[in-house]
Amino acid sequence: MTTRLTRRQGSGIYYCRAAVPKALIPIIGKREIKISLKTADPALARQRLVIESFNVDRQLAAARGETVHSLVLPEVIVIRAAVSGRVS
């Protein structure tokens, strides 16, 4: 499995980076989606990556014309707990 977590050299800031499928490039308007996670801390970056990766998947689904569901606060709390190892 590939990860969407990348780190920028120099600043050390982590990013969520995802390639846009060729069929969706004309719709989205770019070849990749890159979102700053606004941290140089790897543990915090992994937590933020879960949410941003979900948002990227929603954006790609919307571009495909698929139904897009919103992430609600209780789901965010469960996701963050799972990433930090508090929920199995």
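Modeller: Two strands count as paired if DSSP finds at least two bridges between them. The model here is predicted. In it, Y15 has S36 of strand 3 as its bridge partner.

Biologist: What makes strand 2 and strand 3 a pair?

Modeller: Count the bridges. Five bridges join strand 2 to strand 3. The cut-off is at least two, so the two strands pair. They run antiparallel.

Biologist: How do you know that strand 1 and strand 2 pair?

Modeller: The test is the one used above. Three bridges join strand 1, residues 5–7, to strand 2. At least two are needed, so these strands pair as well. They also run antiparallel. R7 stands opposite Y14 in strand 2.

Biologist: What lies between the strands of that hairpin?

Modeller: Six residues lie between strand 1 and strand 2. In this hairpin, G10 takes a positive phi near 95 degrees.

Biologist: In what order do the elements of the protein run?

Modeller: From the N terminus on, the order is β-β-α-β-α-α. That gives three helices and three strands.

Biologist: Now helix 2. Why is S53 called buried?

Modeller: S53 has 16% relative accessibility. Buried means under 20%, so S53 counts as buried. The residue is found in helix 2, residues 42–64.

Biologist: What makes the link between the side chains of S53 and R4 a polar contact?

Modeller: The side chains of S53 and R4 meet at 2.8 Å. The limit for a pair of N or O atoms is 3.5 Å, and one must be able to donate a hydrogen and the other to accept it, so this pair is called a polar contact. Leaving aside neighbours within four places in sequence, S53 is in contact with R4 and C16.

Biologist: Is V56 buried or exposed, and how do you know?

Modeller: V56 has 0% relative accessibility. That value is under 20%, so V56 is buried. V56 also lies in helix 2.

Biologist: Which residues does V56 touch?

Modeller: Not counting residues up to four places away in sequence, V56 touches R4, C16, A18, I33 and I35. Take A18: it is 38 residues from V56 along the chain, yet their C-alpha atoms are separated by 7.6 Å.

Biologist: How many residues are in the largest nonpolar core?

Modeller: There are 13 residues in this core. V56 is one of those with the most contacts inside it; L24 and L60 are also among them. Strand 2 and helix 2 are the elements that give two or more residues to this core. Helix 2 gives the most, with five residues.

Biologist: Which residues is L24 in contact with?

Modeller: Beyond its neighbours within four places in sequence, L24 is in contact with G29, L60, A63 and R64.

Biologist: Where does T39 lie, and why is T39 called buried?

Modeller: T39 lies in the loop between strand 3, residues 32–36, and helix 2. Its relative accessible area is 8%. The cut-off is under 20%, so T39 is buried. Among the contacts of T39 beyond four places in sequence are G12, Y14 and R48.

Biologist: How much of the protein counts as buried?

Modeller: Of the 88 residues, 25% count as buried. The accessible surface comes to about 6200 Å², and 53% of that belongs to carbon and sulfur atoms.

Notes: Residues are numbered from 1 along each chain as its sequence is written. This is a predicted model: local features need pLDDT of at least 70, side-chain atom pairs count only at pLDDT 80 or more; totals for chains, interfaces and linings use all residues. Side-chain values use heavy atoms; hydrogens and water are left out. Helices (H or I, at least four residues) and strands (E, at least two) are DSSP runs, numbered from the N terminus. Buried means under 20% relative accessible area, exposed over 50%, partly exposed in between (1.4 Å probe, protein chains only). Contact means heavy atoms within 4.5 Å. Accessible areas come from the Shrake-Rupley method with a 1.4 Å probe; for residues, only the protein chains shown count as cover. A nonpolar core is a set of buried Ala, Val, Leu, Ile, Met, Phe, Trp, Tyr and Cys residues joined through side-chain atoms within 4.5 Å.
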